Amino acid sequence: MNLPGTSSAADAIRSGRARLGIELGSTRIKACLIGDDPRHVLALGSFSWESSFQNAVWTYSLTDVWTGIQAAYADLVANCEERYGVQPRILQAIGVSAMMHGYLVFDCDDQQLVPFRTWRNTTTGAASAELTKAFDLNIPLRWSIAHLHQAVSDGEDHVPRINFMTTLAGYVHWRLTGRKVIGIGDASGMFPIDSASHTYDSDLLARYKALVAHAAPALDLSQVLPEVLVAGEYAGTLTDAGAALLDSSGALQPGAVFCPPEGDAGTGMVATCSIAPRTGNVSVGTSIFAMVVLERPLAQVRHELDLVTTPAGAPVAMVHCNNGASELAAWVQVFTQFARKADCPIDQDTVFTALLQEALEGDPDAGGLIAYNYVAGEPLAGVRDGRPLLVRAPDSTFTLANFVRSQVYGVFATLILGMRVLADEGVAVDRMFAHGGMFRTAGIAQRFLAGALNAPVSVAESASEGGAWGIAVLAAFATHPSGDLNEFLRNSVFGGAAFETTNPDPADVTGFSTYLDRYAAGLAVQRAAVDSISPKGSQP
């Protein structure tokens, strides 16, 4: 990202004109500070964390949420002091983003009822199927309503005490502002949205109330769900208690205006300027997903496609895969450990870059190797639980280059299976944008994604810091006089911005197609592994 001059940056921070974005991703909590020009990042901070698998549930503790947020903010403050000799005491605006979906429920005393069930859990199959039939709309396993309905169906004893349900971003926003609100993009991963009214679909709310009338007669989603807001709407201010939660040093003062809290999908769309019809983006992290803004409704219900919205409320088709770059990152750690054991210590970023560069030397089809990156279950592929695999035939060309290329292809493979369904719907996209840490090594992952999509892929300078910067931009928009988010992005944020665009290489297109055919055929092996290999610590 471009950096402003030291004096102007220091003045923006000192005078309280800076805007803060906080994003809670799957592996890092990031804080991003921008100034008068939203294109300019003033400072960054981060904290590494990971989900835990406890009692067969992927979860994060809320104690770790605040430990991480405070650490990321403190890191940002230290970055400000190092660069400019000043630290923020007043902020103009703040935005909170986090991984979407999942299940966070509280009682009337604001006490958490059960541990946070994240998007990664795939134990809601029965609820998802029942709701999809009842609503005539695809309800993915990871959506909040699927988690809630599974709890209702299973007769969990906490259900009668539910007073409030929200997402991780909605929870953090609530604690910082006292307001139980949510951005429309994040809300669309909790319960279906009516694009005309920009709130929850009232007909489906009534259907759900009737559906659970016997099992949970007191459950009224209209009272349990957070209020829906669109980008630019006032979402509260930082309270005294919120300032103390965010900044454990006590230096930060209350009063900053908040934008609506959003999910990582929405901030990714903002960070790539892809919120207008016929635009789309691919986000790669622990999960991988593609968002395409629709010109018209889909022709039929497709379990591979989720209907969500942009932060401004426009309809979006989402192809979401539970598994992204985690398995590739695990292999990077293995090679880093090997280098250390060989008395040639190399940091992980250098190892990652070297391996990606080696992948360029691989065969277009990865030499017959197939990599399944399923650390967790993958609903889109019909795989109920995670079992990462590397599969090869005796005559496969087993080289380091093909091994790495197969792992990179494996990151994209399930996504492309879903994108084929989107193509069958006749959805048109003029250009795909990509963001996420995988694209910080210029051109390589971008080239392979272009070959997988058989379409040009553009990456902006902000690609590796997309989500935290994206919510900081939404915070800036909350104080902007214009009410049109697309216009604000095109004119005030991305006007004149440079995008690096890679066109698909025909050899990569053909090679990936061959790889994907093998990948799809080999899913039977993946499913057999789930049935035959038990996780560590479980009973055989």
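Residues are numbered from 1 along each chain as its sequence is written, and side-chain values use heavy atoms, with hydrogens and water left out. Because the model is predicted, local features need a pLDDT of at least 70 and side-chain atom pairs count only at pLDDT 80 or more, whereas totals for chains, interfaces and linings use all residues.

Buried denotes a relative accessible area under 20%, exposed one over 50%, and partly exposed the range in between, with a 1.4 Å probe and protein chains only. The largest core comprises 69 residues, and L148, Y208 and L489 have the most contacts inside it. Helix α15 (residues 466–477) gives the most to this core, namely nine residues; helices (H or I, at least four residues) and strands (E, at least two) are DSSP runs numbered from the N terminus. Another core, of 61 residues, lies apart from it and includes L356, V408, F439 and Y515. Around Y208, if neighbours within four places in sequence are set aside, the contacts (heavy atoms within 4.5 Å) are L131, F135, I145, L148, H149, V152, L219 and L221.

Strand β21 (residues 431–435) is the next element to consider. Four of its five residues are buried, so the strand is largely enclosed by the rest of the structure. Two strands are said to pair if DSSP finds at least two bridges between them. Strand β15 (residues 279–284) runs parallel to β21 and is joined to it by five bridges, with N281 standing opposite F433 in β21. Strand β22 (residues 457–460) also pairs with β21 in the parallel sense, over three bridges; here M432 stands opposite V457 in β22. Together β21, helix α14 (residues 444–453) and β22 make a right-handed β-α-β unit. Right-handed describes a crossover in which, with the strands pointing away from the viewer, the path from the first strand over the helix to the second runs clockwise.

An antiparallel arrangement is found between strand β17 (residues 306–309) and strand β18 (residues 315–321), which pair over four bridges. T309 has P315 in β18 as its bridge partner. The two strands form a hairpin with five residues between them, and G313 in the turn has a positive phi of about 100°.

Charged side chains form a further set of links. Side chains of opposite charge can pair when their charged atoms come close. A salt bridge is counted when a side-chain nitrogen of Lys or Arg lies within 4 Å of a carboxyl oxygen of Asp or Glu, and a search of the whole structure finds 17 of them. E156 and R117 form one, with their closest N and O atoms 2.8 Å apart. This pair links distant parts of the chain, 39 residues apart: E156 is in the loop between α4 (144–153) and β8 (164–166), and R117 in the loop between β7 (104–106) and α3 (125–135). E156 is partly exposed at 23% relative accessibility, whereas R117 is buried at 16%. D365 and R518 also meet in a salt bridge, at 3.2 Å from N to O. Since D365 lies in the loop between α12 (348–359) and β19 (370–372) and R518 in helix α17 (residues 506–521), the pair ties together parts that are 153 residues apart in sequence. D365 is buried, with a relative accessible area of 19%, and R518 is partly exposed at 31%. Salt bridges that share partners also join D11, R17 and D36 into one network. Within it, R17 and D11 have their closest N and O atoms 3.0 Å apart.

Two buried loop residues complete the account. S274, in the loop between α10 (264–271) and β15, is buried at 0% relative accessibility. Beyond residues up to four places away in sequence, A235 touches H173, T177, R179, V181, L229, F258, C259 and P260. A235 and W174 are 61 residues apart in sequence, with their C-alpha atoms 9.8 Å apart in space.

Technical notes. Core = buried A, V, L, I, M, F, W, Y, C linked by side-chain atoms within 4.5 Å.
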